[in-house]
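Welcome! Please take a look at the sequence and structure below, and then read on for a short briefing.

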Amino acid sequence: MKRISLTQHLIEEQRLNNTIPAELRLLIEVVARACKTISHAVGKGALGEVMGTAETENVQGEVQKKLDIISNDILLEANEWGGHLAAMASEEMESIHPIPNRYPKGEYLLLFDPLDGSSNIDVNVSIGTIFSVLKAPEGMATPTEQDFLQPGTMQVAAGYAVYGPQTVLVLTTGNGVQCFTLDREMGSWVMTQNAAKIPAETKEFAINTSNARHWHAPVKRYIDELLAGKTGPRGKDYNMRWIASMVADVHRILTRGGVFMYPADARDPDKPGKLRLMYEANPMAFIVEQAGGIATDGKRRILDIQPEKLHQRVAVFLGSREEVERVTSYHGDAADSTLLSGK
Ligand code: AHG
Ligand code: MN
Ligand code: MN
(Lines give C-alpha, C1' and ligand atoms only; values in the text may rest on other atoms or scores of the structure.)
(Ligands and ions follow the chains in the order given, each with its own letter.)
Protein backbone atom coordinates (compact mmCIF):
# COMPACT_ATOMS: atom_id res chain seq x y z
CA MET A 1 0.00 0.00 0.00
CA LYS A 2 1.31 3.44 -0.93
CA ARG A 3 1.79 5.53 2.19
CA ILE A 4 0.61 9.14 2.02
CA SER A 5 2.00 11.27 4.81
CA LEU A 6 0.24 14.29 6.27
CA THR A 7 2.89 16.50 4.63
CA GLN A 8 2.30 14.98 1.20
CA HIS A 9 -1.45 15.28 1.59
CA LEU A 10 -1.22 18.94 2.54
CA ILE A 11 1.20 19.77 -0.27
CA GLU A 12 -1.05 18.03 -2.80
CA GLU A 13 -4.10 19.87 -1.48
CA GLN A 14 -2.18 23.11 -1.84
CA ARG A 15 -0.93 22.28 -5.32
CA LEU A 16 -3.85 20.46 -6.92
CA ASN A 17 -6.93 21.81 -5.23
CA ASN A 18 -5.57 25.15 -4.09
CA THR A 19 -7.53 24.81 -0.85
CA ILE A 20 -4.60 25.33 1.52
CA PRO A 21 -2.35 28.38 1.43
CA ALA A 22 1.28 27.70 2.46
CA GLU A 23 0.86 29.41 5.84
CA LEU A 24 -2.14 27.27 6.72
CA ARG A 25 -0.22 24.18 5.72
CA LEU A 26 2.56 25.16 8.08
CA LEU A 27 0.04 25.83 10.84
CA ILE A 28 -1.54 22.37 10.49
CA GLU A 29 1.89 20.69 10.45
CA VAL A 30 2.86 22.53 13.63
CA VAL A 31 -0.37 21.58 15.41
CA ALA A 32 0.09 17.96 14.28
CA ARG A 33 3.64 17.99 15.64
CA ALA A 34 2.40 19.36 18.97
CA CYS A 35 -0.21 16.56 19.09
CA LYS A 36 2.60 14.07 18.57
CA THR A 37 4.39 15.55 21.59
CA ILE A 38 1.20 15.45 23.67
CA SER A 39 0.64 11.83 22.62
CA HIS A 40 4.14 11.03 23.84
CA ALA A 41 3.47 12.71 27.21
CA VAL A 42 0.12 10.91 27.54
CA GLY A 43 1.82 7.57 26.84
CA LYS A 44 4.25 8.01 29.74
CA GLY A 45 1.42 7.78 32.25
CA ALA A 46 2.56 7.12 35.79
CA LEU A 47 6.18 6.86 34.58
CA GLY A 48 6.18 10.60 33.79
CA GLU A 49 5.04 13.63 35.75
CA VAL A 50 1.74 13.68 33.90
CA MET A 51 -0.90 12.06 36.11
CA GLY A 52 -3.13 13.70 38.68
CA THR A 53 -4.40 17.14 39.46
CA ALA A 54 -2.61 20.47 39.41
CA GLU A 55 -3.23 22.98 42.19
CA THR A 56 -5.08 25.35 39.85
CA GLU A 57 -8.52 26.04 38.34
CA ASN A 58 -9.23 27.22 34.80
CA VAL A 59 -11.55 30.07 33.80
CA GLN A 60 -14.59 27.76 33.90
CA GLY A 61 -13.85 26.91 37.54
CA GLU A 62 -12.74 23.37 36.67
CA VAL A 63 -9.80 21.88 38.54
CA GLN A 64 -6.96 21.52 36.05
CA LYS A 65 -5.17 18.23 35.58
CA LYS A 66 -1.41 18.29 35.12
CA LEU A 67 -1.89 17.08 31.57
CA ASP A 68 -4.31 19.97 30.79
CA ILE A 69 -1.49 22.39 31.58
CA ILE A 70 1.28 20.37 29.93
CA SER A 71 -0.76 20.05 26.70
CA ASN A 72 -1.63 23.74 26.71
CA ASP A 73 2.06 24.66 27.09
CA ILE A 74 3.09 22.28 24.30
CA LEU A 75 0.59 23.86 21.88
CA LEU A 76 1.56 27.41 22.87
CA GLU A 77 5.28 26.81 22.52
CA ALA A 78 4.98 24.95 19.22
CA ASN A 79 2.85 27.66 17.63
CA GLU A 80 4.46 30.86 18.89
CA TRP A 81 7.49 31.23 16.67
CA GLY A 82 6.47 29.97 13.20
CA GLY A 83 5.10 33.29 11.95
CA HIS A 84 1.78 31.75 10.89
CA LEU A 85 -0.42 33.02 13.73
CA ALA A 86 -1.66 36.33 15.11
CA ALA A 87 -3.04 34.89 18.35
CA MET A 88 -4.25 31.77 20.14
CA ALA A 89 -7.07 30.97 22.56
CA SER A 90 -7.54 27.94 24.76
CA GLU A 91 -9.93 26.31 27.18
CA GLU A 92 -7.18 26.59 29.76
CA MET A 93 -6.56 30.36 29.39
CA GLU A 94 -9.03 33.06 30.39
CA SER A 95 -7.86 35.57 27.76
CA ILE A 96 -6.44 35.26 24.30
CA HIS A 97 -2.70 34.76 23.82
CA PRO A 98 -1.32 37.17 21.19
CA ILE A 99 1.94 36.13 19.52
CA PRO A 100 4.78 37.81 21.49
CA ASN A 101 6.39 40.81 19.79
CA ARG A 102 9.73 39.04 19.40
CA TYR A 103 8.20 36.78 16.73
CA PRO A 104 6.73 37.59 13.32
CA LYS A 105 2.94 37.48 13.07
CA GLY A 106 0.70 35.73 10.58
CA GLU A 107 -2.91 36.03 9.58
CA TYR A 108 -4.47 33.06 11.40
CA LEU A 109 -6.13 32.59 14.79
CA LEU A 110 -5.87 29.21 16.51
CA LEU A 111 -8.26 27.94 19.19
CA PHE A 112 -7.89 24.69 21.09
CA ASP A 113 -9.07 22.38 23.81
CA PRO A 114 -5.58 21.08 24.59
CA LEU A 115 -6.73 18.01 26.49
CA ASP A 116 -10.29 16.81 26.03
CA GLY A 117 -11.74 14.18 28.33
CA SER A 118 -9.59 15.09 31.33
CA SER A 119 -11.57 12.84 33.68
CA ASN A 120 -10.23 9.87 31.67
CA ILE A 121 -6.51 10.67 32.04
CA ASP A 122 -5.85 8.83 35.27
CA VAL A 123 -7.93 5.79 34.31
CA ASN A 124 -6.12 5.19 31.00
CA VAL A 125 -9.12 5.77 28.73
CA SER A 126 -8.97 7.64 25.39
CA ILE A 127 -8.49 11.43 25.51
CA GLY A 128 -7.66 13.98 22.83
CA THR A 129 -6.93 17.48 21.54
CA ILE A 130 -9.40 19.58 19.52
CA PHE A 131 -8.48 22.62 17.40
CA SER A 132 -10.12 25.23 15.20
CA VAL A 133 -8.51 27.71 12.80
CA LEU A 134 -9.95 31.10 11.82
CA LYS A 135 -8.59 33.91 9.70
CA ALA A 136 -7.88 37.16 11.51
CA PRO A 137 -10.27 39.90 10.38
CA GLU A 138 -9.00 42.14 7.60
CA GLY A 139 -6.94 45.08 8.91
CA MET A 140 -6.57 43.71 12.45
CA ALA A 141 -3.69 45.44 14.25
CA THR A 142 -3.58 44.09 17.79
CA PRO A 143 -5.69 40.96 18.22
CA THR A 144 -8.54 41.08 20.75
CA GLU A 145 -11.11 38.55 21.93
CA GLN A 146 -13.59 40.22 19.58
CA ASP A 147 -11.52 39.11 16.56
CA PHE A 148 -12.09 35.46 17.56
CA LEU A 149 -15.88 35.80 17.80
CA GLN A 150 -16.64 34.47 14.32
CA PRO A 151 -19.28 31.83 13.54
CA GLY A 152 -18.08 28.29 12.86
CA THR A 153 -18.78 28.69 9.13
CA MET A 154 -15.67 30.93 9.06
CA GLN A 155 -13.33 28.11 10.13
CA VAL A 156 -10.66 27.38 7.52
CA ALA A 157 -9.51 24.19 9.20
CA ALA A 158 -10.44 22.06 12.17
CA GLY A 159 -9.32 18.78 13.62
CA TYR A 160 -8.75 16.58 16.59
CA ALA A 161 -6.21 14.05 17.75
CA VAL A 162 -7.40 11.06 19.72
CA TYR A 163 -4.91 9.43 22.08
CA GLY A 164 -6.25 5.89 22.33
CA PRO A 165 -4.85 2.47 21.54
CA GLN A 166 -3.70 4.27 18.39
CA THR A 167 -3.03 7.99 18.05
CA VAL A 168 -5.14 9.31 15.17
CA LEU A 169 -5.36 12.82 13.73
CA VAL A 170 -8.62 13.77 12.02
CA LEU A 171 -8.55 16.84 9.82
CA THR A 172 -10.73 18.97 7.58
CA THR A 173 -9.83 22.03 5.57
CA GLY A 174 -13.30 22.10 4.00
CA ASN A 175 -12.56 19.43 1.42
CA GLY A 176 -13.80 16.29 3.19
CA VAL A 177 -12.34 14.59 6.24
CA GLN A 178 -9.02 12.77 6.33
CA CYS A 179 -7.66 10.54 9.11
CA PHE A 180 -3.96 10.00 9.80
CA THR A 181 -2.56 7.34 12.12
CA LEU A 182 0.67 8.10 13.96
CA ASP A 183 3.39 5.66 12.93
CA ARG A 184 5.13 5.52 16.30
CA GLU A 185 8.35 3.99 14.95
CA MET A 186 8.76 6.53 12.16
CA GLY A 187 7.21 9.44 14.05
CA SER A 188 5.07 10.35 11.05
CA TRP A 189 1.36 10.78 10.37
CA VAL A 190 0.18 8.36 7.68
CA MET A 191 -3.20 8.73 5.94
CA THR A 192 -5.39 5.79 6.88
CA GLN A 193 -8.75 7.13 5.70
CA ASN A 194 -9.70 9.60 3.00
CA ALA A 195 -13.19 11.10 2.67
CA ALA A 196 -14.55 9.65 5.93
CA LYS A 197 -18.37 9.47 5.83
CA ILE A 198 -20.89 9.15 8.66
CA PRO A 199 -23.76 6.81 7.74
CA ALA A 200 -27.14 8.64 7.68
CA GLU A 201 -28.80 5.98 9.84
CA THR A 202 -27.64 4.45 13.07
CA LYS A 203 -28.64 2.28 16.02
CA GLU A 204 -26.19 3.79 18.49
CA PHE A 205 -26.44 6.84 20.74
CA ALA A 206 -24.18 8.62 23.22
CA ILE A 207 -25.43 10.71 26.13
CA ASN A 208 -24.65 10.89 29.84
CA THR A 209 -27.85 9.33 31.18
CA SER A 210 -26.98 10.21 34.78
CA ASN A 211 -28.35 13.67 33.92
CA ALA A 212 -31.73 12.25 32.77
CA ARG A 213 -33.70 13.79 35.61
CA HIS A 214 -32.56 17.27 34.52
CA TRP A 215 -33.31 16.90 30.79
CA HIS A 216 -35.86 19.07 29.02
CA ALA A 217 -38.95 17.41 27.50
CA PRO A 218 -37.67 17.07 23.87
CA VAL A 219 -34.54 15.17 24.99
CA LYS A 220 -36.55 12.98 27.39
CA ARG A 221 -39.00 12.14 24.61
CA TYR A 222 -36.25 11.31 22.13
CA ILE A 223 -34.26 9.10 24.51
CA ASP A 224 -37.40 7.34 25.80
CA GLU A 225 -38.23 6.43 22.21
CA LEU A 226 -34.74 5.01 21.63
CA LEU A 227 -34.88 3.03 24.87
CA ALA A 228 -38.28 1.58 23.94
CA GLY A 229 -36.47 -0.43 21.25
CA LYS A 230 -38.07 -2.72 18.70
CA THR A 231 -41.59 -2.53 20.05
CA GLY A 232 -41.45 1.27 20.52
CA PRO A 233 -42.10 4.04 17.99
CA ARG A 234 -38.65 3.68 16.37
CA GLY A 235 -39.11 -0.02 15.68
CA LYS A 236 -35.50 -1.01 16.34
CA ASP A 237 -33.20 -1.70 19.28
CA TYR A 238 -30.54 0.93 20.02
CA ASN A 239 -27.23 0.49 21.78
CA MET A 240 -25.59 3.10 24.01
CA ARG A 241 -21.94 4.19 24.46
CA TRP A 242 -20.56 7.04 26.59
CA ILE A 243 -16.80 7.48 26.87
CA ALA A 244 -16.91 10.98 28.45
CA SER A 245 -14.22 12.23 26.04
CA MET A 246 -15.92 14.11 23.23
CA VAL A 247 -13.02 13.26 20.89
CA ALA A 248 -13.41 9.54 21.47
CA ASP A 249 -17.21 9.61 21.21
CA VAL A 250 -17.08 11.68 18.00
CA HIS A 251 -14.37 9.45 16.58
CA ARG A 252 -16.57 6.40 17.10
CA ILE A 253 -19.42 8.18 15.32
CA LEU A 254 -17.15 9.17 12.45
CA THR A 255 -16.04 5.57 12.15
CA ARG A 256 -19.35 3.69 12.38
CA GLY A 257 -22.16 6.24 12.79
CA GLY A 258 -24.20 7.26 15.81
CA VAL A 259 -25.56 10.32 17.54
CA PHE A 260 -23.77 12.28 20.26
CA MET A 261 -25.65 14.56 22.64
CA TYR A 262 -24.71 16.94 25.41
CA PRO A 263 -27.94 18.86 25.84
CA ALA A 264 -28.72 21.94 27.89
CA ASP A 265 -30.74 20.94 30.94
CA ALA A 266 -32.79 22.39 33.77
CA ARG A 267 -29.92 22.76 36.25
CA ASP A 268 -28.58 26.21 35.41
CA PRO A 269 -30.37 28.44 32.87
CA ASP A 270 -27.16 30.47 32.43
CA LYS A 271 -25.31 27.35 31.29
CA PRO A 272 -26.61 26.18 27.92
CA GLY A 273 -24.97 22.76 27.94
CA LYS A 274 -21.48 21.83 29.05
CA LEU A 275 -19.41 21.93 25.89
CA ARG A 276 -17.69 25.07 24.66
CA LEU A 277 -18.78 26.48 21.33
CA MET A 278 -15.53 27.82 19.94
CA TYR A 279 -13.04 25.04 20.59
CA GLU A 280 -15.22 21.95 21.08
CA ALA A 281 -18.58 22.25 19.27
CA ASN A 282 -17.49 24.30 16.24
CA PRO A 283 -14.50 22.21 15.13
CA MET A 284 -16.45 18.98 15.70
CA ALA A 285 -19.46 20.37 13.81
CA PHE A 286 -17.20 21.31 10.87
CA ILE A 287 -15.76 17.79 10.76
CA VAL A 288 -19.16 16.11 11.15
CA GLU A 289 -20.72 18.19 8.34
CA GLN A 290 -17.73 17.52 6.09
CA ALA A 291 -18.34 13.81 6.73
CA GLY A 292 -22.00 14.08 5.72
CA GLY A 293 -23.51 14.34 9.21
CA ILE A 294 -25.16 17.31 10.90
CA ALA A 295 -24.68 19.25 14.13
CA THR A 296 -27.23 21.43 15.93
CA ASP A 297 -27.81 22.93 19.36
CA GLY A 298 -31.36 21.54 19.23
CA LYS A 299 -32.62 24.54 17.31
CA ARG A 300 -29.90 25.94 15.09
CA ARG A 301 -27.07 24.67 12.99
CA ILE A 302 -24.05 24.99 15.33
CA LEU A 303 -21.82 26.50 12.64
CA ASP A 304 -24.26 29.42 12.18
CA ILE A 305 -24.17 30.54 15.81
CA GLN A 306 -22.66 33.99 16.29
CA PRO A 307 -20.38 33.64 19.35
CA GLU A 308 -20.69 36.27 22.04
CA LYS A 309 -17.95 35.09 24.36
CA LEU A 310 -14.77 33.11 23.91
CA HIS A 311 -15.70 30.48 26.47
CA GLN A 312 -19.43 30.29 25.84
CA ARG A 313 -21.17 26.96 26.18
CA VAL A 314 -23.64 25.36 23.82
CA ALA A 315 -25.92 22.33 23.66
CA VAL A 316 -24.68 19.77 21.14
CA PHE A 317 -26.49 17.16 19.01
CA LEU A 318 -24.31 15.75 16.26
CA GLY A 319 -23.73 12.73 14.07
CA SER A 320 -25.93 10.64 11.78
CA ARG A 321 -28.33 12.84 9.86
CA GLU A 322 -31.58 10.98 10.52
CA GLU A 323 -31.20 10.99 14.31
CA VAL A 324 -29.96 14.57 14.66
CA GLU A 325 -32.80 15.79 12.46
CA ARG A 326 -35.31 13.96 14.63
CA VAL A 327 -34.07 15.14 18.02
CA THR A 328 -33.78 18.68 16.63
CA SER A 329 -37.32 18.58 15.28
CA TYR A 330 -38.55 17.59 18.76
CA HIS A 331 -37.17 20.89 20.00
CA GLY A 332 -39.82 22.64 17.97
CA ASP A 333 -40.46 25.49 15.66
CA ALA A 334 -36.98 26.81 15.10
CA ALA A 335 -35.95 23.57 13.46
CA ASP A 336 -36.56 23.91 9.76
CA SER A 337 -35.24 21.92 6.88
CA THR A 338 -32.85 24.60 5.63
CA LEU A 339 -30.95 24.67 8.87
CA LEU A 340 -30.89 20.90 9.05
CA SER A 341 -29.53 20.43 5.61
CA GLY A 342 -26.55 22.56 6.67
CA LYS A 343 -26.94 24.94 3.75
P1 AHG B 1 -12.74 18.65 29.04
O2 AHG B 1 -12.00 17.47 29.60
O3 AHG B 1 -11.98 19.34 27.93
O4 AHG B 1 -13.22 19.60 30.09
O5 AHG B 1 -14.04 18.12 28.26
C6 AHG B 1 -14.82 17.11 28.81
C7 AHG B 1 -16.15 17.13 28.13
C8 AHG B 1 -16.26 16.26 26.90
O9 AHG B 1 -15.11 15.77 26.37
C10 AHG B 1 -17.15 15.11 27.34
O11 AHG B 1 -18.02 14.77 26.30
C12 AHG B 1 -17.88 15.65 28.52
O13 AHG B 1 -17.10 16.67 29.05
C14 AHG B 1 -18.13 14.61 29.57
O15 AHG B 1 -18.93 15.15 30.55
P16 AHG B 1 -19.54 14.32 31.76
O17 AHG B 1 -18.40 14.06 32.71
O18 AHG B 1 -20.58 15.26 32.31
O19 AHG B 1 -20.13 13.06 31.19
MN1 MN C 1 -13.13 19.22 26.18
MN1 MN D 1 -10.02 20.17 27.95
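From which domains does the lining of the largest pocket draw at least three residues? The lining takes at least three from each of domain 1 (6–193) and domain 2 (204–341), with bounds that come from an automatic or database domain assignment. This is a predicted model, where local features need pLDDT of at least 70 and side-chain atom pairs count only at pLDDT 80 or more, while totals for chains, interfaces and linings use all residues. Residues are numbered from 1 along each chain as its sequence is written, chains are lettered from A and ligands numbered from 1 in the order in which they are written, and side-chain values use heavy atoms, with hydrogens and water left out.

**The largest pocket**

- A pocket is an open set of points on a 1 Å grid over the protein atoms alone, where a 1.4 Å probe fits, with protein on both sides within 12 Å along at least five of seven lines; lining residues have an atom within 4 Å of a point.
- The largest pocket has a volume of about 480 Å³, meaning the space filled by probe spheres set on the points.
- Its lining has 26 residues, and Gly 117, Ser 118, Ser 119, Ala 244 and Lys 274 lie nearest the centre.
- By class, the lining of the largest pocket holds eight nonpolar, seven polar and 11 charged residues; Asp, Glu, Lys and Arg count as charged, Ala, Val, Leu, Ile, Met, Phe, Trp, Tyr, Cys and Pro as nonpolar, and the others, Gly among them, as polar.

**The manganese ions**

- Donors here are N, O and S atoms within 2.8 Å of the metal (3.2 Å for Na, K and Ca), and sites may look incomplete, as water is not among the atoms.
- Asp 116 and Glu 280 are both buried, that is, under 20% relative accessible area with a 1.4 Å probe, protein chains only.
- Ligand 3, also a manganese ion, is coordinated at 2.2 Å by Glu 91 (OE), Asp 113 (OD) and Leu 115 (O).
- Glu 91 is buried, at 5% relative accessible area, and Leu 115 is buried too, at 1%.
- Asp 113 bridges the manganese ions ligand 2 and ligand 3, which lie 3.7 Å apart.

Terms used: Buried < 20%, exposed > 50% of the residue type's maximum accessible area, 1.4 Å probe, protein only.
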